[in-house]
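Hi everyone, thanks for coming. Let me put the sequence and the structure up, and then we can walk through a few places together.

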Amino acid sequence: MKFDLRLPIGLLFIAYGAILLIYGLFTSEAMYQCSLGINVNLLWGAVMLVFGGIMFALAFYTRRKGADS
Amino acid sequence: MIDLFPLATVPTLRLHGVDYLLLVLYFVFVIAIGAFLKRSMKSSEDFFLSGRSIPAWIAGLAFLSANLGAQEVIGMAASGAKYGISTAHFYWIGAVPAMVFVGVFMMPFYYGSKARSVPEYLKLRYDEKTRAFNAFSFAAMTIFSSGISMYAMAKLLNLLLGWNFDMALWISALIVLAYIFLGGLTSAIYNEVMQFFLIIFGFAPLVFLGLKNVGGWPGLKEKLAIVATSPIYGSENYSSDAWTSAWGSLGSSSGNPMGVEWFGMAMGLGFVLSFGYWCTDFLVVQRAMVAKDENSARLVPLIASVPKMLFPILVIVPGMIAIALTATNGGFSIPEKIVDGATMLDYDMVIPGMLAHYFPTGLLGLGLTALMASFMSGMAGNVTAFNTVWTYDIYQSYIAKGKSDQHYLWMGRVATVVGTLVSLAAAYMANSFNNIMDMLQLVFAFVNAPLFATFLLGMFWRRTTGNGAFFGLVSGTLAAAIHHGLTLPYGASAGIKGGWLVSEVLHRYPSEMAQNFWTAIWSWSSCFVVTILVSLLTKRLKTDDELRGLVFSLTERRTDRYLVWYKRPAVLGAIILAFAVALNIIFA
């Protein structure tokens, strides 16, 4: 059986998002001079976390629906 | 091919623990996908064609991603800096129309014929020799191009990160080998989709930060006007919008930095080269052949063309930002290289340089992972296309006929290992003999240029014969070589750049790109004419019955009226073309 591809994509992006987000929370502002003063780790980590979450949720939802029928 | 001359200013990327964590996590995921898919690899059809069961959206994103190697990302950013928005023609003219054409018109024959590869289609439609010509040249080409891109990647990692060249080469090759060996084409495709999202998420922040830095699109336009008319980067011949208008400066070849006029652009790139690649190259076509039914197969290139259309934002705009900032002392400058004692901009370093400039630790790991992902997706595309053509079109056809399916599945795995090893050898060859690689690429370009004429006539004119196709292909390849041997771009000396046939060249093109486009036009036209002439003079050997499903006029048209409009290829194709036209008008 092949698996739903959205599952690993979701997991990878959740992991990436969480790592960047947490790293962004614990790093000082001085580090973000290169990125025009924006804490891109925090911001982009959050975006990736949401994307990963959506992918994961879609895979999960489809699977449950499939099991019902 | 990426030039890596001694750098005067090397951008250094300093990686920290978190960056390595992201990179390692990516490696774990790609191999895990292969390992999970291993159980479903039961027959050769599973291994080479994913059991023809892949949903259209997955195949569509893989279709795009397999073509999106690291060289494309790096090369398109370099062209964005050198030529500006005109580079987008490689997408809007040079890809989208051909992708729509292959989806709407050609896929029914590829998929409907049940051919397992593009060379096999040629055998069904024409004859054995035409298939052999295509199979051997294609197999050699994929292996060498994957070797060249492996070389470029390892060299890049070596320069930027100080990694050992051999280590970078072997680790990345072994990872790709592992996931294809385990899970075959399905594994390559699944990973390509993941890589697609990584590439987008890895490069999007670069575009965002760069645009913010130059003051948005209006700011970028203003700065690029300075670039266009500056004596260093542009020329006084150019109008101030040479970098920001895609068509405005294409009236004559001296008015734009590409040195191409509109006809060469539309015919050479837009027709011959782009249709030749997207409609006949098994590397991409294979990804549509795996779809679960014929309609899905037709939707695959259409789905791929939507992100393709928008990719210039991701890969060309960073190059435009880089040159704008370099020319106006905006804080970032493109790294320089030394060639023959002279210092010049190293455009291939645009993306690495900008990653080093804008990305902090953390995001830098993501950016680097995106670069690795683009490299691996390109390489996996080559390896999976190679092992299929090798096993079905060479091994099964000429070496070991009539073996069990399990035997060919085994052969596919062997071909994956051997193919990767030969690629590695090619990478080392590229490292020591740059010229041989340039020459091989040139020869492959000659072989590829006429192909689309063969397919077009084969699919839409039933009178085309096997002899016509074969001699057409040979004449097209020769025409390309002769045209190249008789002409030269300005400023180049005879040799690898052309002009090797005569002491006094017949024509000088304003740029290498113009010469390439015209080589393709000559080659295609010669193949087209010779195929028709020889076909009329030779006897048809295939009966109408044998050609059913392979030729337009002999194939029953299946209606797609029962489908909702957004699943009908023709409707979607028309909408996509309208969008492409709109983009051309907006950025004209």
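Arg287(B) is buried, at a relative accessible area of 0%, where buried means under 20%, exposed over 50% and partly exposed in between, with a 1.4 Å probe and protein chains only. Please keep in mind that this is a predicted model, where local features need pLDDT of at least 70, side-chain atom pairs count only at pLDDT 80 or more, and totals for chains, interfaces and linings use all residues. Residues are numbered from 1 along each chain as its sequence is written, chains are lettered from A and ligands numbered from 1 in the order written, and side-chain values use heavy atoms, leaving out hydrogens and water.

So what does Arg287(B) meet in a salt bridge? The partner is Glu192(B), at 2.9 Å from N to O; a salt bridge here is a side-chain nitrogen of Lys or Arg within 4 Å of a carboxyl oxygen of Asp or Glu. Glu192(B) is buried too, with a relative accessible area of 0%. Glu192(B) lies in helix H9 of chain B and Arg287(B) in helix H12 (residues 282-289) of chain B, so the pair ties together parts 95 residues apart in sequence. Helices, by the way, are DSSP runs of H or I with at least four residues, numbered from the N terminus.

Now a second pair: Glu128(B) forms a salt bridge with Lys123(B), with the closest N and O atoms 3.4 Å apart. Glu128(B) counts as partly exposed at 31% relative accessibility, and Lys123(B) is partly exposed at 30%. Both belong to a network of salt bridges that also links Arg131(B) and Asp393(B). Over all chains, the count comes to 13 salt bridges.

Terms used:
Helices (H or I, at least four residues) and strands (E, at least two) are DSSP runs, numbered from the N terminus.
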